[in-house]
Structures are given as structure tokens and as C-alpha cells.
Amino acid sequence: MKPKVAFYWCASCGGCEEAVLDLAEAVLDVAAAVDIVFWPVALDFKEADVAGMDDGAIAISFVNGAVRTSHQLEMARLLRRKSKLVVAFGACAQLGGIPGLANLTTASGVLDEVYRDMAVPLRESREDGATLTLPELFDAVFALDRAIPVDYYVPGCPPSTKVVADAFQALLRDPPPEPGTVLAPNQAMCDECPRRDRRPEDVKLARFYGVEERAIDPADCILAQGFPCLGPATRAGCGARCIKGNMPCTGCFGPTSAVRDYGAKALCSIASIVSGNEVEEIDGTLDGIADPVGTFYRYSLPASFLGGQAGNLPHGRQ
Amino acid sequence: MPEEFEPKIVAFFCNWCTYLAADLAGTSRIRYAPNAEVVRVMCSGRIDVQFILKAFAKGADGVLIGGCHPGDCHYQEGNYKALRRYRLVQRLLPQMGIEEERLRLEWISAAEGDRVRVVINEMVETLKRLGPLRKAEGERAADLVEVA
């Protein structure tokens with residue numbers, strides 16, 4: 001009997017689903033090797049089908065997206081109960097991702113911003129005698145492992161084709177990887193950067209630029225050109241795809257295993273290459289980084305020590 | 001009568017200057033507020049921003065960094081590295097809802113025992129004015145782990 005596999009999405013954009021389809025022909029190999037029992041984006045199985053299975057009947061559930069509603073929490077718990085292994089797939093499930101930036105405010109702050117001067121959806125409404133309810137929007141966005149125990153992580157926004165294919169291989173291997181493993185190379189993105197040899201021994205910068213401020217030279221180390229490229233602080237595995245697109249690394253693969261709080265470490269690595277020794281000089285250089293949280297915690301705010309607005313939130317990852 | 005709020009300060013002091021200053025304050029029997037827990041590090045340049053944010057996350061109301069005066073670093077330039085990180089993290093903290101005054105960097109040499117007293121006392125006053133960093137349980141967002 002082929003192992004049963006499920007895919008599910010919580011708070012995500014759908015890019016992770018694309019990443020699975022991006023396996024192209026290889027996706028057919030995956031489909032041939034396993035029995036896909038649940039995949040809302042592609043197949044017509046329902047929540048009730050999953051609920052009807054025996055506990056542990058699913059070999060692996062791949063869950064992408066952060067958890068920010070009561071329904072996502074319910075689904076995460078359901079899949080956890082029915083699955084032998086749960087894999088947090090993609091940056092949002094692993095670290096909270098882009099939706100996690102909502103932790104800089106509260107649920108009502110988000111609703112006020114999005115629905116300002118407009119009709120706000122009601123949690124509960126009645127239609128022809130039936131009561132319709134919307135899930136609760138939590139005050140905070142959570143990485144998947146704050147909602148349920150997670151066995152493995154596949155990083156990336158979205159995970160690269162190679163990382164996805166390698167992850168499938170690793171999970172089928174005997175013995176399986178150590179529980180809790182992030183299924184991507186445990187080294188810095190710079191190590192696989194095609195411009196690695198153009199990186200000066202000692203990068204020192206007197207000014208930072210936004211990518212909108214000036215053209216990026218297509219051959220030289222992007223960091224050495226003054227754009228805060230987070231390659232030195234970020235896990236490899238993406239194949240340096242942003243660099244190949246002539247854009248700086250924004251850190252979607254998260255930290256290597258030596259680091260607990262990605263943004264703090266990325267901030268250290270950028271601060272360390274500022275050239276000045278005087279406060280005014282340093283501040284002038286740092287003016288080039290307009291939005292520190294958005295720069296360093298773009299994908300990882302909910303999984304950080306503080307988690308977002310420090311006073312408002314439960315602790316982040318400890 | 002409600003008890004007065006006593007802020008918690010985590011103080012990272014470098015081995016060669018500020019920690020010795022705190023030692024001097026002690027042997028000189030200088031009295032100052034008991035709110036700071038001192039963590040000795042070899043150099044202020046060793047202070048990873050993770051240390052600072054974890055201290056806040058674990059319940060510190062303020063974090064104090066003490067290093068050697070510019071030019072005096074035992075390792076030549078560790079204190080400059082600390083300064084650059086400090087200036088950048090000061091821009092991050094307000095976005096996270098943490099007032100800049102909760103993080104302070106001071107250069108205190110081994111001879112400046114009394115400066116330790118002044119700085120810690122000042123910081124305690126500042127933090128009492130600001131109040132606790134974290135809202136009381138029940139006023140802040142619920143944790144999923146607890147929702148279960």
C-alpha cells in the first residue's frame with residue numbers, strides 16, 4: 001500500500017502549493033509513489049474525509065502557512081492527530097512568514113486598516129434560518145509549531161524545487177532525519193552564491209541603499225555594493241535565486257541551526273559591516289535601512305524572541 | 001496598598017572595564033539600586049542582539065550594556081561593534097513596542113565605580129516611570145499553547 005500524504009494551507013499566499021507543482025514532471029513521480037488523500041487546492045477531498053480516517057492513518061502531512069484563525073488551528077490539530085509526521089512547509093509555517101508582520105499590531109488593528117470606512121464582516125450572521133459563522137481571527141499570527149508539534153521543516157518563500165525534491169527523498173530514507181530537522185543545507189546562502197568570489201574579504205560600508213535607489217551591478221557582491229543582502233545570515237538551499245535575479249537576499253530560508261532569532265542575527269551581520277566609529281557617522285549609514293523589522297524579520301517575526309509588539313504578545317520562540 | 005513596581009534590568013558588562021567597575025563599586029561599598037542582574041561577557045562586542053532581545057522576551061524591563069571607552073577596548077574594536085549594533089537595534093525596538101530608553105549603552109572604565117551607581121540608579125528611575133514592559137496576562141494576546 002502506498003503511503004498516504006496530505007497537503008494543507010493555513011495563512012499563506014498559495015505560493016507553496018505552486019512550489020509543489022513546480023516539481024513539474026517529478027510531481028508525477030511523487031503522485032505515483034504516494035496516495036494523496038487531502039489537498040484542497042488540487043483535489044476534492046473534504047475536511048470530513050480526513051476526520052473520518054483512523055488516527056495516524058496519514059504518513060506525512062505537509063502544512064504550509066501560519067496559524068492565525070481558529071479554523072486553521074482546528075485543521076492543524078486534526079492533521080496532527082491523523083498523521084504520523086507533520087512537515088511545516090515554507091517560511092510561513094516554519095517562522096510565521098510575511099503574514100507574521102501583522103504581529104506589529106493586533107487583530108482589530110489589522111481589521112481597522114483593511115476595512116477602514118467599509119463594511120466589516122460579521123463573525124456571525126443569519127441567512128434563511130441558518131447561522132453562518134466566520135472563524136475567529138487571533139490577535140497574533142503563529143508559526144505552525146506553536147499550534148502543534150512539528151516533525152520537520154522545509155524552509156523558503158516558497159521552498160525551491162530542489163529543496164522540495166530533496167526533502168521528499170530525505171523523508172523516504174531509512175533512517176529518517178533527526179526529528180526537528182530543517183530539511184535544507186545547514187550553511188549560509190553566501191556559500192552557494194554565484195558571486196561568492198566577488199565578495200571582498202572585509203566588507204565595510206558607509207552607506208546603505210534601497211533597491212529602488214540605484215541600479216545593482218549584475219556581477220559584483222550585492223552586499224558590497226551597499227544593499228543590505230542577508231545572505232550571510234540566511235540558510236542555503238534556494239540556489240541563490242534572488243541573486244540570480246539581481247536582487248539582494250531577504251532571508252526567506254531563515255537561520256541555520258546555530259541561530260535562534262533570525263532577525264537579531266541578520267541585524268548583527270549588517271551592523272557589523274558599518275564602517276564608522278562615531279555615533280553620527282554610524283547613524284548616517286543606518287539611515288539607509290528605513291524599516292528594520294521589515295528588513296530583518298520579513299519572514300520570521302512570530303518565531304522571534306519577542307514575536308512582534310513586545311507588550312501585547314505571548315512569548316515568541318524561546 | 002499596591003507594591004511599587006521594581007523593574008528588572010539585565011546588565012551585560014565587559015570583563016575588562018565595566019565588570020571591574022562594578023567590582024570596584026562593590027569593594028568601595030557604594031550603594032545603588034539592586035535591580036540589575038549582571039552578566040559578565042568577555043567584550044561588549046560579544047553581545048549578540050539575540051542576548052538583548054531574549055532578555056526582554058524573558059521578562060527584563062531594561063537592558064544595560066557596559067563596555068570600555070572608545071579606544072580602550074581590550075580587543076581593539078569590540079566596543080565599536082557593540083556601538084553599531086546598539087544604534088541599529090535602537091531603531092528596531094520602537095517598532096516592537098519597546099521604548100528606546102529601555103536599552104542603554106554606557107562606556108564605564110575599571111576606575112569608574114561610582115559611574116555604575118549613577119547609571120543603574122538612573123535606569124531604575126527611568127524604568128519605574130515607563131512601567132513594566134509586558135502587559136499583564138489577560139490583557140495581552142492569548143498563546144496558542146494555552147488556548148489548547
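**Two chains, helix by helix**

Biologist: Which elements of chain A and chain B do the buried residues of α3(B) pack against?

Modeller: Heads-up, this is a predicted model: local features need pLDDT of at least 70, side-chain atom pairs count only at pLDDT 80 or more, and totals for chains, interfaces and linings use all residues. Residues are numbered from 1 along each chain as its sequence is written, while chains are lettered from A and ligands numbered from 1 in the order in which they are written. Helices (H or I, at least four residues) and strands (E, at least two) are DSSP runs, numbered from the N terminus, and contact is C-beta atoms, placed from the backbone, within 7 Å. From chain B, α2 (49-57), β3 (62-67) and β4 (103-107) pack against the buried residues of α3(B), and from chain A come α9, α10 and α11.

Biologist: How many of the 15 residues of α3(B) are buried?

Modeller: A residue is buried if 20 or more other C-beta atoms lie within 10 Å of its own, exposed if 12 or fewer, and partly exposed in between, with C-beta atoms placed from the backbone. Among those that pass in α3(B) are Y80(B), R84(B), Y86(B) and L92(B). The helix is largely enclosed by the rest of the structure, because the buried count is 12 of 15.

Biologist: What distance does α3(B) reach from its first C-alpha to its last?

Modeller: The expected span of a helix is 1.5 Å times one less than its number of residues. For α3(B), residues 78-92, that gives 21 Å, and the model comes close to it, at 21 Å.

Biologist: Which element of chain A gives the most to the side that touches chain B?

Modeller: In total, 35 residues of chain A are in contact with 31 residues of chain B. On chain A, β8 (137-142), α9 (262-271), α10 (279-286) and α11 (292-296) each supply at least two residues of that side. Giving the most, with 5 residues, is α9(A).

Biologist: And by class, how many residues on that side of chain A are nonpolar?

Modeller: Ala, Val, Leu, Ile, Met, Phe, Trp, Tyr, Cys and Pro count as nonpolar, Asp, Glu, Lys and Arg as charged, and the others, Gly among them, as polar. The side of chain A that touches chain B has 6 charged residues and 8 polar ones, and its nonpolar count is 21.

Biologist: How many residues does the contact take from domain 3 of chain A?

Modeller: The C-alpha centres of domain 1 and domain 3 of chain A lie 28 Å apart. The contact takes 17 residues from domain 1 of chain A, and from domain 3 of chain A it takes 15.

Biologist: Within what arc do the buried residues of α7(A) fall?

Modeller: The buried residues of α7(A) are V163(A), V164(A), A167(A), F168(A) and L171(A). What covers them includes α1 (15-21), α2 (25-33), β3 (58-64) and β9 (152-154) of chain A. The arc is that of the directions from the helix axis to the C-beta atoms. The buried residues of α7(A) line one face of the helix, because seen down its axis they fall within 140 degrees.

Biologist: Which residue does a cis peptide bond join to C157(A)?

Modeller: Omega is about -10 degrees at this bond.

Biologist: Is A240(A) buried or exposed?

Modeller: A240(A) is in the loop between α7 and α8 of chain A, and its phi is near 55 degrees, a positive value in a residue other than glycine. With 20 other C-beta atoms within 10 Å, A240(A) is buried.

Biologist: And D117(A), buried or exposed?

Modeller: D117(A) also has a positive phi, about 60 degrees, although it is not a glycine. Its place is in the loop between α6 (107-114) and β6 (124-127) of chain A. D117(A) has 5 other C-beta atoms within 10 Å, so it is exposed.

Conventions
Domain bounds come from an automatic or database domain assignment.
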